[in-house]
Amino acid sequence: MKKVLIGGIGNVLLGDDGVGPYVARLLAARYEFDDSVEVADLGTPALDLVDQISGKDAVILIDSIDTDAAPGTVLLYRKADIIRHSPGVRMDTHSPALVDTLLGADFFGIAPPDVLLVGINAEAYEAGCSLSESVRASLDQAIAEVLGELERLGVGHRRREHEAQLRLWWTNEETMESALTR
Amino acid sequence: MAKRITIDPITRIEGHLRIDVEVDNNTVNNAWASCTMWRGIEKILRGRDPRDAWLFTQRFCGVCTTVHAMASVRAVEDALKLEVPLNAQYIRNLILIAHALHDHIVHFYQLSALDWVDILQIPKADPTATAKLAESLSPWTRNSRNEFKAAQDRVNAVVSSGQLGIFMNGYWGHPAMRLSPEVNLLAFTHYVQALEYQRKALQVVGILGSKTPHIQNLTVGGVANAIDLDSPSALGMAGLENIRVLLDEVVRFINEVYFVDVCAVAAMYADWFKIGSGVRNYMAVPDLPLDSAGTAYDLPGGYIMNGNIAGVHPFKTASDKEFRDGVSEDVTHAYYQGGKPLHPWVGETDPAFTGWDGEQKYSWVKAPRFRGDPMQVGPLAQVLIGYAQGHPLTRKYTDLAIGKVQTIGGIHVTPDMLHSTLGRHAARAIRAAMLAELAQKHWQLLVDNIAKGDYSVHNQPVFSGGEVEGVGTHEAPRGTLSHWVVIKDEKIKNYQAVVPSTWNASPRDAKGAHGPYEASLLHTPLARPEEPLEVLRTVHSFDPCMACACHAFDPSGRQIAKVKVL
């Protein structure tokens with residue numbers, strides 16, 4: 001059984017930066033996963049991310065990114081893409097921690113073999129607890145990318161018959177419909 | 001001719017601190033500390049239920065989540081005049097201590113040791129000689145030749161591959177690096193081991209807080225941990241025993257490794273006891289309350305002005321009137337609207353970005369002042385304030401550290417030498433040793449109190465209506481943290497967080513007085529101005545964290561320049 005971490009990264013108080021935790025919580029509410037899968041809202045981790053990823057066979061991180069692409073564009077990065085950009089170009093709003101974490105895990109010999117970053121290009125990072133329209137419109141695609149990676153890894157997931165409670169406590173969203181589309 | 005050097009960013013982990021120094025004759029003659037991002041997330045709290053504020057403030061920063069949660073519930077409790085049951089105080093104290101131990105270990109090893117330790121010297125070390133040296137310094141059982149050899153092999157593999165990976169940004173081979181190959185290997189091996197022990201400290205936070213990185217067990221008026229000695233789902237004997245075992249291991253690492261390494265590095269770089277002093281006004285708040293009302297504490301607070309240790313003024317409580325009345329924030333050199341300094345209860349956060357101008361506005365960090373003066377906060381402040389008041393635990397470990405540095409280095413050390421870059425590292429190790437002892441004490445206090453049959457963890461908050469103000473403080477790993485809340489009709493009317501890194505990284509104020517980072521850099525000698533390692537040493541000694549002082553995003557997104565010599 002592959003041990004997988006699905007981790008949402010970002011600050012839920014900074015507009016689109018909250019998309020990582022947002023997607024992680026949508027996934028947890030809508031799907032059931034094999035017992036070896038952990039879905040976590042990691043906030044804005046620094047070096048403790050090493051502890052979170054250590055011992056996993058695969059890590060799927062969801063985070064906002066800051067590229068020249070249109071807001072809401074979903075871009076995928078593998079480990080080599082992430083560490084190649086260090087330290088010249090900032091690709092991810094938490095890249096210093098992410099790059100250090102991946103390089104550190106390599107050095108200590110605890111790096112997960114599979115790493116995928118599902119990046120959602122942000123529109124605005126202004127203080128506030130809601131996502132912009134363009135980022136909202138890409139939530140389904142971000143979720144699909146995560147599920148696609150699980151299929152590639154051969155890890156099971158099932159749509160829940162009854163959705164579990166949405167724990168988007170920092171927003172006013174109470175239903176899956178409003179969380180995805182409003 | 002004077003040269004301007006810009007270092008941006010200066011934290012090894014996420015952060016957006018920029019330092020500009022003007023160098024003449026290989027000596028720093030002027031300095032500016034600035035933050036390159038805008039914050040302003042406090043405004044999100046306006047209009048919300050004060051009982052929920054801690055959930056939001058916990059997201060201010062990814063590194064210090066728990067400290068902002070704690071300061072927030074304390075602020076609301078202060079406003080409501082609400083006491084906290086003993087069990088809740090002890091559980092909170094254990095969380096705060098465990099978090100601080102994790103933080104201090106990570107700071108020294110992962111964030112600043114490599115300012116002093118040269119990776120490229122490690123392949124030259126003799127692991128057998130290293131083991132012999134290590135055994136002469138400490139009883140640590142993992143100081144074996146095999147451990148040193150294994151760490152050396154890892155470094156050899158990285159160095160010979162030419163891909164330095166995580167070590168690619170160091171100033172290796174810099175003339176200010178002075179340790180022998182064996183001491184470099186010794187410290188580096190502990191750098192590797194430190195990762196395991198900081199994790200054990202975080203596990204304690206996770207057990208008590210239900211989760212990391214965001215704890216779930218706080219509530220205004222206490223904690224949400226159900227205490228039931230026999231239930232596996234509540235906090236019972238199994239969980240408490242688990243915590244005791246983890247704490248014992250962390251305590252041993254602090255005493256036998258971290259404390260010893262800091263003393264050894266200090267002894268070998270003794271000239272750094274004369275560098276990096278700066279602002280000699282110090283402030284700390286009392287913390288680790290020992291009773292429900294918060295009248296007695298295990299960590300003392302107070303303030304010292306102009307390095308006058310004998311003239312220390314104590315703070316009696318964590319929301320001492322002198323502290324409550326004395327704090328204001330100046331925005332003369334910060335990118336905000338507004339004129340005269342404002343008290344946090346009436347504080348505003350309205351941005352007015354004008355671009356970096358060292359003569360005018362140059363930082364997103366406001367300049368907090370205590371009765372109009374800049375203050376240095378952090379472990380050094382706490383240790384000096386405790387030492388000055390004759391606090392027995394502070395005296396015990398300060399004297400122990402001084403003795404160790406003297407023995408290892410064969411030099412004379414006095415408490416006055418703590419006003420320095422090395423003093424900040426030494427004080428952090430002293431504080432860690434104090435906290436290690438207090439971790440075991442508070443574990444016992446909790447167990448003894450539960451054994452008496454007291455299972456109470458929460459007092460119900462009661463709102464009286466009208467407008468009330470509160471301040472919640474915490475002596476956090478980087479120093480004095482204060483959250484200021486104004487509650488009107490059960491809703492938050494205003495909220496401000498004055499965080500440790502804003503005290504230390506503050507820009508100049510209306511009077512032109514430097515903040516602590518800036519002042520500490522003046523007169524620093526640089527061996528190679530184009531590789532300003534010495535600047536990094538002093539700034540890192542404060543344990544900077546701009547993710548907290550500002551927020552974790554850089555609007556331009558592409559400002560990562562390593563070092564620019566202008």
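## A hairpin in chain B

B:W484 stands opposite B:Q496 in β15(B), and this pairing belongs to a predicted model, in which local features need pLDDT of at least 70, side-chain atom pairs count only at pLDDT 80 or more, and totals for chains, interfaces and linings use all residues. Residues are numbered from 1 along each chain as its sequence is written, while chains are lettered from A and ligands numbered from 1 in the order in which they are written.

Strand β14 (residues 479-488) of chain B runs antiparallel to β15(B), and seven bridges join them; strands here are DSSP runs of E with at least two residues, helices are runs of H or I with at least four, and both are numbered from the N terminus. Two strands count as paired if DSSP finds at least two bridges between them. The hairpin has two residues between its strands, and there B:D489 takes a positive phi near 50°. Of the eight residues of β15 (491-498) of chain B, six are buried, a term that requires 20 or more other C-beta atoms within 10 Å of the residue's own, with C-beta atoms placed from the backbone.

## A buried loop residue

B:V279 lies in the loop that connects α7 (237-268) and β6 (282-284) of chain B, and B:V279 is buried, with 25 other C-beta atoms within 10 Å. Apart from neighbours within four places in sequence, B:V279 is in contact with B:P374, B:Q376, B:P516 and B:A519, where contact means that the C-beta atoms, placed from the backbone, lie within 7 Å.

## Two helices of chain B

Helix α3 (residues 86-112) and helix α6 (residues 181-209) of chain B have axes that come within 9 Å and cross at roughly 160°, the axes being lines fitted to C-alpha atoms, for helices over the stretch in contact, with angles from 0 to 180 degrees between N-to-C directions. That angle makes α3(B) roughly antiparallel to α6(B), since angles over 145 degrees count as such. The contact includes B:I91 and B:L94 of α3(B) and B:H190 and B:Y191 of α6(B).

## The sheet of chain A

In chain A, an open sheet of five strands has the order β3-β1-β4-β6-β5, with mixed pairing. Because β3 (37-43) and β5 (74-78) of chain A stand at the edges with a single partner strand each, one side of each is left without a neighbour in the sheet. The twist averages 20° from one strand to the next.

Strands β1 (residues 4-9) and β4 (residues 58-65) of chain A pair in the parallel sense over five bridges, and A:L5 stands opposite A:V59 in β4(A).

Methods: A residue is buried if 20 or more other C-beta atoms lie within 10 Å of its own, exposed if 12 or fewer, and partly exposed in between; C-beta atoms are placed from the backbone. Two residues are in contact if their C-beta atoms, placed from the backbone, lie within 7 Å. Angles under 35 degrees count as roughly parallel, over 145 as roughly antiparallel, 65 to 115 as roughly perpendicular and the rest as oblique.
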